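Let's take a look at a protein chain together. Have the picture handy as you read.

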Amino acid sequence: MSMQGKKGSELFQKAKAVIPYGVNSNFRYWGEEDTLIAARGEGAYIWDADGKRYIDYRLGFGPIILGHSHPTVVKRVQEAIEGGTIFAWTTPYEIELCERITEMCKVDKVRLTNTGTEATMHALRIARAHTGREKFIKFEGQYHGMADYFMYSTASANPAALGSKRSPINVQATSGIPQGISQYVINLPYNDFERLEETIRARWQDIAAIFVEPMLGNAAGVMPKPGYLEKMRELCDKYGIVLVFDEVKTGFRMANGGAQEHFNIQADLVTYAKSLGNGFPIAAIAGKEEVMMTIQPGAMAHGGTYSGNVVGTVAAIATLELLETQPIIETVNKRGKALMAGISEILTEANMPYSLPGVPSMFGIVLGREEEPTDFREYFEGDGDLYEELALELIKRGVQPDGDAREPWFLCAALSEEDVNETLNVFNDALKAAKS
Ligand SMILES: Cc1ncc(COP(=O)(O)O)c(C=O)c1O
């Protein structure tokens, strides 16, 4: 059965005529009959082109922390843009937003960008310029955006191609990257203390940065083992390496101060996007004074015509104001805990081995395996095909997680107790249908 309704199918055909595969990001393509067309969103719901309502747990891949089209954010942006949108001068809005970020995230300095990719790309340049070194470490299953340097051994990689854990192979995630780029990238399995220490001891003179999603937000929410992030901090201090927390997914979601607050560890640089603007395009690179001040006019470049534009900046000010003055994350966590507990009960009753890695505001569902995965390779020991069936049955019934188990379930503050109960009823039916 196709997930597209009649109108959705017609619009998808029109989309394909002018947009490759009918989507403006490859991740949105779900095949010829299941790629959906959105009409609108409000609160915890979205509607497709045929008017079908979905409780939304994708939230546009994570940005919607408050709820879709939050009235306060929308109103503030509407009012502000009447006075113009970009000036190539600093605006008071930019000052206000960067002040808020420094307070909430305990960072010294901030530069604004528009997307997570722009933020991570610049963070890598800052780290290289700061250390005078060229290589960097990242971890298998982590995604840091679309820049060439990061497109190795991402969550799209075939695990069979990753090689031995002792000497992992960089698996290129896309055509179109010059061969030489791979030499700058060191992929390691996550949560492997020994590999990390050994690699840094042997090669620290070449290593500018460790890039890490503090929890694997692109691989089902795999969590760090106790002490793992602390180990990174210790090694980076010892060997003069820049520790970069990529908080594009965890920022303003795991806690008001993101993963840094949750794990009580300060990185040298942090990248934010998604929840920062509740769905408006805004991102940031932030961090310690001495590292951020590597940016220097005429010497170390960071720029962008739209950096600090009024639309995204004001949306972010309004979002952070709400996060600071209302129990947004508390509400999200409360709903997330109830949802996780309900899902656990259903899966246990169905005698289905499972684990739910992550935190209540963004968690994964790994089926067919009892032990929680600790790295990307272990994640693949779960039953991804069964999850896909389950997701399909959920979506048919109006509950929308991503179709791929690697993408966590995201929750927003607009989600009500009733929505959670409705989701659990649907989950029960969808699981039975998926198993049969
Ligand atoms: C951890 C992480 N970093 C970077 C990015 C790239 O962000 P963007 O899609 O805004 O370029 C993503 C996107 O999902 C992400 O999850």
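## Before you start

What you're looking at is a predicted model, where local features need pLDDT of at least 70, side-chain atom pairs count only at pLDDT 80 or more, and totals for chains, interfaces and linings use all residues. Residues are numbered from 1 along each chain as its sequence is written.

## The whole chain

The chain holds 13 helices and 16 strands. Both are DSSP runs numbered from the N terminus: helices are H or I with at least four residues, strands are E with at least two.

A compact globule of 436 residues would have a radius of gyration near 22 Å, and the chain's 21 Å agrees with that. That radius is taken over C-alpha atoms, and the globule rule is 2.2 Å times the number of residues to the power 0.38. Along the principal axes, the C-alpha atoms fill a box of roughly 55 × 55 × 45 Å.

## Domains

The chain is split into domain 1 (1–11 + 24–47) and domain 2 (80–144 + 188–325), with bounds from an automatic or database domain assignment. Their centres, taken over C-alpha atoms, are 32 Å apart.
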